[in-house]
Amino acid sequence: MRTARFVVLWWLALAGWWVLLVGTNAGLELIAAASAAALGTGLALGVRRQRLLRFRFETRWLAKTLKEPYKIARELGVVLWALALHLTRVRPVDSAYRAFPFPSGRADAVSAGRRAIATLADCLSPNTLPLDIDTERGVALRHELDPRRASNELP
């Protein structure tokens with residue numbers, strides 16, 4: 001019963017997403033949506049059976065993402081200011097790669113959820129781009145456009 005629910009919900013979500021992105025419900029597009037959704041659902045079912053994508057989210061880490069809209073607006077200002085300084089030749093943009101400590105955890109579902117939330121939240125802000133989280137060393141690597149004004153933590 002759980003597998004049938006999983007298949008139906010994935011198929012509906014993928015087919016609906018296709019129709020939404022295409023912007024029409026013409027007959028040929030509905031057939032394409034059904035076919036693509038069936039393929040995507042089959043792949044999701046295979047990944048589920050292999051237990052490759054197991055996530056469980058901590059409330060504390062979800063709550064940390066509430067400050068992200070403010071961070072996006074602030075870092076958009078940082079990027080625009082750095083661009084203005086670069087275009088006026090006042091100061092060139094000196095981006096940097098930086099590694100900093102991050103509690104990445106192990107291979108369990110809670111740690112995977114923590115890494116997924118942190119990576120997604122960090123990639124929303126325009127000044128930073130997460131690259132990798134090393135679970136063996138417990139560090140996160142990211143690219144920062146203006147490292148002097150980037151935050152020192154993932155969400």
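User: Is T41 buried or exposed, and what is its relative accessibility?

Analyst: In this predicted model, T41 belongs to helix α2, which covers residues 27-50. Apart from neighbours within four places in sequence, T41 is in contact with V7, W10, W11 and L14. A residue counts as buried under 20% relative accessible area. T41 is therefore buried, with a relative accessibility of 5%.

User: What end-to-end distance does helix α1 have, and which span should its 21 residues give?

Analyst: Helix α1 takes in residues 2-22, and the residue that follows α1 is G23, with a positive phi near 85 degrees. The expected span is 1.5 Å times one less than the number of residues. For the 21 residues of α1 the span should therefore be 30 Å, and this agrees with the separation of the end C-alpha atoms, 30 Å.

User: In what order do the three strands of the open sheet lie?

Analyst: The edge strands are β1 (96-101) and β2 (128-134), each of which pairs on one side only. Strand β3, residues 139-144, is joined to β1 by six bridges, and β2 and β3 also pair over six bridges. The pairing is antiparallel, and the order is β1-β3-β2.

User: Which residue in β3 is the bridge partner of I133?

Analyst: Strand β2 spans 128-134 and pairs with β3 in the antiparallel sense. Elsewhere in this pairing, T128 has E144 in β3 as its bridge partner. For I133, the bridge partner in β3 is A140.

User: Which residue of the hairpin of β2 and β3 takes a positive phi near 70 degrees?

Analyst: Strands β2 and β3 pair over six bridges in the antiparallel sense. Their hairpin has four residues between the strands. The residue with a positive phi near 70 degrees is G138.

User: Which residue of β3 stands opposite F100?

Analyst: The strands β1 and β3 run antiparallel and are joined by six bridges. Y97 stands opposite H143 in β3. The residue of β3 opposite F100 is A140.

User: How many residues make up the largest nonpolar core?

Analyst: In soluble globular proteins, nonpolar side chains tend to be buried together. Here the largest nonpolar core includes W61, F102, A118 and L154. Leaving out neighbours within four places in sequence, A118 is in contact with W61, F102, L154 and P155. Together with F100, I117, I133 and A140, the core numbers eight residues.

User: At about what angle does helix α5 run to β2?

Analyst: Helix α5 comprises residues 109-124 and lies across both β2 and β3. Its direction relative to β2 is about 160 degrees.

User: What relative accessibility does A112 have, and is A112 buried or exposed?

Analyst: A112 is found in helix α5. Beyond its neighbours within four places in sequence, A112 is in contact with R54 and F55. Its C-alpha atom is 8.5 Å from that of L53, a residue 59 places away in sequence. A112 counts as buried, because its relative accessibility is 15%.

User: What distance separates the C-alpha atoms of D122 and L154?

Analyst: D122 has its place in helix α5 and counts as buried at 0% relative accessibility. Leaving aside neighbours within four places in sequence, the residues in contact with D122 are K71, T128, P130, R142, L154 and P155. D122 and L154 are 32 residues apart along the chain, and their C-alpha atoms are separated by 6.3 Å.

User: Over what distance does a polar contact join the side chains of D122 and T128?

Analyst: T128 has E144 as its bridge partner in β3. The side chain of T128 is joined to that of D122 by a polar contact of 3.0 Å.

User: With which residue does the side chain of S125 form a polar contact of 2.9 Å?

Analyst: S125 lies in the loop between α5 and β2, and S125 counts as buried because its relative accessibility is 2%. Apart from neighbours within four places in sequence, S125 is in contact with K71, I72 and E75. The side chain joined to that of S125 by the polar contact of 2.9 Å belongs to T128.

Note on methods. Residues are numbered from 1 along each chain as its sequence is written. This is a predicted model: local features need pLDDT of at least 70, side-chain atom pairs count only at pLDDT 80 or more; totals for chains, interfaces and linings use all residues. Side-chain values use heavy atoms; hydrogens and water are left out. A nonpolar core is a set of buried Ala, Val, Leu, Ile, Met, Phe, Trp, Tyr and Cys residues joined through side-chain atoms within 4.5 Å. Buried means under 20% relative accessible area, exposed over 50%, partly exposed in between (1.4 Å probe, protein chains only). Contact means heavy atoms within 4.5 Å. Helices (H or I, at least four residues) and strands (E, at least two) are DSSP runs, numbered from the N terminus. Two strands pair if DSSP finds at least two bridges between them. Axes are lines fitted to C-alpha atoms, for helices over the stretch in contact, and angles run from 0 to 180 degrees between N-to-C directions. A polar contact is a pair of N or O atoms within 3.5 Å; within protein, one must be able to donate a hydrogen and the other to accept it, and residues adjacent in sequence count only if both atoms are side-chain atoms.
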